[in-house]
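Subject: Structure for your review

Dear colleague,

I am passing on the structure below, together with an account of what was found in it. Please read the text with the model open beside you.

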Amino acid sequence: MAQLILTGSLKSLANGVAEFNIQARNVHQLVVELKQICPVLAPLIESEGFAVAIDGEIYQDILFAPIGENSEVHLIPPIGGG
Amino acid sequence: MNDMTQNNLERALKIVGTRPPRPDGVDKVTGRALFGSDKSLPNMLVGRVLRSPYAHAKIISIDTSKAEVLNGVKSIVTCADFEDFPSEFVPNGEMIVNLKDITRNIMAREKVLYVGHTVAAVAATSEDIAEKALGLIDIKYEVLPHVLEVEDAEKPDAPVLHEDMMTIGIEPSPKKASNVAKRVEFGFGDVEKGFAEADLIVEREFTTQQVHQGYIEPHACLASVSEDGQADLWCTTQGAFVVRNFCSKLLGLSAAQIKVTASEIGGGFGGKTVVYLEPLALALSRKSGRPVKMEMSRAEVFTSSGPTSGAKVWVKIGVKNDGRIIAGDCVLKYQAGAFQGAPVGPGAMCAFAPYDMVNVRAVGYDIVVNRPKVSAYRAPGGPISEYGVESVLDEIALKLEMDPIEIRLKNAAKEGTIAPYGPKLGPIGMIETLEAAKAHPHYSAPLGPNQGRGIASGFWFNIGGETSSSITINEDGTVGLTLGTTDIGGSRASMAMMASEELGVPMDLIKPVIGDTNSLGFNFLTGGSRATFSTGMTVVRSTREAIEELKKRAALLWEVDLNQVEWVDGHARLIAGDEPKTMSLAQIAKQAGKTGGPIMANCSMNVTGAGPSLGTHIVDVEVDTETGKVSIVRYTAIQDAGKAIHPAYVEGQMQGGAVQGIGWALNEEYIYNDKGELENTGFLDYRIPVCSDVPMIDTVIVEVPNPNHPYGVRGVGETPIIPPLAAISNAVSRATNIRFNELPLSPPKVLAKLMHG
Amino acid sequence: MEYVTPQSASEASQALLQEGAFALAGGTDLLVKLKTRFVSPSIVVDIKRVPKIMTIEQSAEGWWIGAATPCAEIVEHDSLSKDWSGIVEALSLIGSTQIQGRATLGGNLCNASPAADSVPALIAAGATCVISGQTKEREEAVENIVTAPGITTLSKGEFIIGFKLPKPKLRSGDAYLRLIPRSEMDIAVVGAGVSLSVTEDGKIEAVRVSLGAIAPTQVLLTGLEDIFVGKEPDDDAIQKLVAVAEKACKPIKDKRGTIEYRTKIAGVLAKRAFAIALKRANGY
Amino acid sequence: MSKTHVSTCINGDTHEFLCDTQNTLLDVLRHELDLTGSKEGCATGDCGACSVMLDDRLVCACLVLGVEADGKEIETIEGMSSGSELHPIQQKFIDLAALQCGICTPGVLVATKALLTKNKNPSEEEVRFWLAGNLCRCTGYDKIVRAVLEVAADMRNA
């Protein structure tokens, strides 16, 4: 079962729950699933544009990045640069 | 078909890793290269900007009637000429932006929020007339109290810049507006428990001042909007497509109506990633029906573009006696300038990222003040937070009597380490740069009197992002590359080198050009150290596709199956058969018309898989204890580049970043008076390093390949500005036996500390 | 804006009498003020064609340096550099190589900035300047020209045509040091010029010390004769020099330095410049 | 507004132009004569991007009035190469990657040529102080200084 792991501000937003089992097999499905399992986070992904780290690999705005059977998924802010 | 993702990490390379001359070299050394202000059009007007004299004031009225009737004035724009937007974060290309803020930053609406904030713009037949017209615009202000520093801005009775700004990220949500836009937190574990188990804890506060990217070319653009609404924009920018998208929203034009051509760019470092003059010039041109050229003066660049944050940083680190970090905690308060958006998120994410942490927390606050809205500056946010962490780590090393490299090695992040912002890191070169630093002769060289040696490391994520480029095989066997990312520091050379390596033809047959926004799909800007990585990725893939096509044509001519043809050293070669048969790229190209038409390929993708770049710097300083003046005696920058495509330009990034960091550490700072006016608006008193301030910057390129790139590339541009701040501060502290915790380390500040502690 | 190029001193004075007239020599200050619209002259008088204003000459009495001679030319003058090393050092510090190609001694003085690098060195050396006016020329000690930032004792129509440096005494030396945050391209936070001569047996015969950027005008330190003249300069005397220098400071706090800092540095630089001048006087 | 007639020799060619008296030589070069190789980074003499030779003296074109150029000889970056041959300094800067964005490069090259005319064998320190008025924000100066030292050696041995 793939896992969504929350740290920092996101964990607080989710009332301290740090880990969710998720069914989603890509980021697109994750956004849909988040609305059910942790509705407070869904707007963040949609509006503030969080990036998703799947097994350490960072995907920014990539809806169909695959989430594996046992993947570890993190939400992080989008990263820019100079 | 060739595997598009196949990497060349094990392959012997002929071109990649060498130092050929850059394709645009001759233009740049002869004065031919056209930068932002170098282009003119017939019938062109000159645009000028009227700026706020106040740090914080309500705009009561704007009367342009006198200016409008001045002979030679052709158009005047104010906020009435731009769309307004609700406060919401929307994607703009890859950036998430709040258009309500952006439209107010390019042209003040209800209030002015910093000295230099744009309030009106004029286009006239001459500079002189435009300046006169500015003087005739009558603006009535109601001056409000202003606030410049984060510690003042967060006080309950502070003047509030935005009456609707409620702090995000605090539970319960505040009911009252404040200057704190956002609170973010990253980390894991239990820091309190960690500190309880620590044998030694060091806790310090640090201050850094607002600094500017200091690109030598001021912002400049030339806009021409025709009567049918078609807009041509020439400007100096890190991202033509990003400019197009900003301008289309602000002016209510479609993307197809605006063609943006990026000029050669005279430095950006993150400062040319947003728009200032461009929408004004377009609006002035649209209104006047004539081309409008605008340039910022150097003073305007300082007062009214986008420097980076000054900040307050608190860091606490607990270690075991053996030097192992057991807990790390930090609070970062960054100035955002007049609108929210300080780079405190990335600052918090990378504060402890060079290390393998067990208990870690990084809290950041994004705080608005009456200064220009900050923009990106090389590793935005990173230098500030890592300065604090690397300084405390140095103090801990001294207290434990440990070598500063050893304590970093003991805690170094490596493949599999969980980053403080959550995910596991892939292969990274932290240990490798530290080992290289330890082995470098600089590290064991003797020091003279009043000298000290400082060490610091730095981490930056790097990014990929939307990228598109194309390749054409010309009939004579030469090759064209069309690229969509601005070339700031030699990327055309790297792109041509990768194409040359893939094709097996000499680099001088390959001509790379930077396309305008009509020639390619969307390209995110040159920034975040992404150009060589991302554009390089698309170039490699499109080149491989072109090679497939070349092989196909050869197969047709030889009347064999495609799988009978391989590509070797610029030639199609028949694999089977009695005698070796080859056909050169030029021979195939010559017959392209007869074998199916012109050969070209393109690649568009949203690139992922950027690999973080780690760096470690060694610096020796000498302190004049009677005057407080710090001199840089020796400097060595070591960094993991993944793979250096053109090592000279990788070294150049490391050297340039190091010297910008030296400036940040020693003398650069925004100095405001009590009216909120910037006092040092020129290069005379905003003191970027000059040639005689610095020694040679030795470099060591470490190569821990990024497995996600065909050549192993990591971005290198951002990381080198991170270590210098702490490395220099640590060196000064070690030279004087006094801990310094404030930047810049300018002579008066250093002497005051030497005299009074 | 009118632009004129008078061919004689009296023509230049005549032109400078006009309302809104500004003298142009090297232009390194005037053009910045023009560009930033800090001044808007009605007439710019380019004084570079006035005879002798661009020359360097040596005579029995000493040296003549035309007021509009570019610093780069002065710096390249070997025998002048040998005679007055401190002055030449001081003006070699004014701006970059490019600025040196244009900047002049006359401009550096008449811009009347408390931080002008050449001025403390000139004052220490006992230099005078020759002022050309409508009817006559007059000669004035350099320290009597600037009265406040931006203000000089020159009357309308007057301009400086050149500087006279005395022939250096036997066993004499001069030096100028300044403190800037970088190594180049900055305005002095403090400047110190020292000129001294010693007797055959190593006692101080005469000494002049002038400080810049520590008060509204350059300051010529007083009371040094009692401390130094007729004695060997020992540590105690040097400490007294430091105290006199610090006491002379009436600086402002600005973006370039605090009051405390400027005061402290005045003493340090006076001491260091004194040591260099002394070495030179002793022939090292 | 009255304009002044100015006659100069720029890169060996005679040029005549009418000039507003308050215009700088840099304004004239860039806007009247389309010689945009000299750059404006500050307009106050602090960055050196507009370095030109005025009667064999290195100056900032932004600190010279256009009218002052009357009867003078001016050399700009556009006059540095001869025919299709780059000057050795130009070639060396390309070879050693002594430029990144290239905005300071014309000024640095003009200043370097002035240095090597005056001093054929400059030390690193002399190069650094000579070029202190040419700000470069990209390179950290390392490769610029190396290129100057190397081309000086080449030119001595040529």
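**A helix pair in chain C**

In this predicted model, helix α5(C) passes helix α8(C) in a left-handed crossing, a term used if the near helix is turned anticlockwise from the far one by less than a right angle, with right-handed used if clockwise. Helices here are DSSP runs of H or I with at least four residues, and strands are runs of E with at least two, both numbered from the N terminus. The contact between the two helices is made by C:G86, C:I87, C:A90 and C:L91 on the side of α5(C), and by C:S118, C:A121, C:L122 and C:A125 on the side of α8(C); two residues are in contact if their C-beta atoms, placed from the backbone, lie within 7 Å. Six of the residues in this contact are nonpolar, two are polar and none is charged, where Ala, Val, Leu, Ile, Met, Phe, Trp, Tyr, Cys and Pro count as nonpolar, Asp, Glu, Lys and Arg as charged, and the others, Gly among them, as polar.

As for the geometry, the axes of α5 (residues 85-92) and α8 (residues 118-125) of chain C come within 8 Å and cross at roughly 165°, which makes α5(C) roughly antiparallel to α8(C). The axes are lines fitted to C-alpha atoms, for helices over the stretch in contact, with angles from 0 to 180 degrees between N-to-C directions; angles under 35 degrees count as roughly parallel, over 145 as roughly antiparallel, 65 to 115 as roughly perpendicular and the rest as oblique.

**Chain C and its domains**

The secondary structure of chain C comes to 11 helices and 14 strands. The radius of gyration of chain C is 19 Å, close to the 19 Å that the globule rule gives for 284 residues, so chain C is as compact as a globular protein of that length; the radius is taken over C-alpha atoms, and the rule is 2.2 Å times the number of residues to the power 0.38.

The domain assignment, which is automatic or from a database, gives chain C a domain 1 (2-46 + 53-166) and a domain 2 (181-281), and their C-alpha centres lie 24 Å apart. Between them, 20 residues of domain 1 of chain C are in contact with 22 residues of domain 2 of chain C. On the domain 1 side, the elements that give two or more residues are α5, α8 and β8 (146-148) of chain C, and α8(C) gives the most, with six residues.

**Chains B and D**

Four pairs of chains touch, and the most contacts among them are between chains B and D. In that pair, 44 residues of chain B are in contact with 43 residues of chain D, and α18(B) gives the most to the chain B side, with eight residues. By class, that side of chain B has 21 nonpolar, 16 polar and seven charged residues. Chain A and chain D, by contrast, do not touch, and their nearest C-alpha atoms are 13 Å apart.

**Reading the numbers**

Residues are numbered from 1 along each chain as its sequence is written, while chains are lettered from A and ligands numbered from 1 in the order in which they are written. As this is a predicted model, local features need pLDDT of at least 70 and side-chain atom pairs count only at pLDDT 80 or more, whereas totals for chains, interfaces and linings use all residues.

With kind regards
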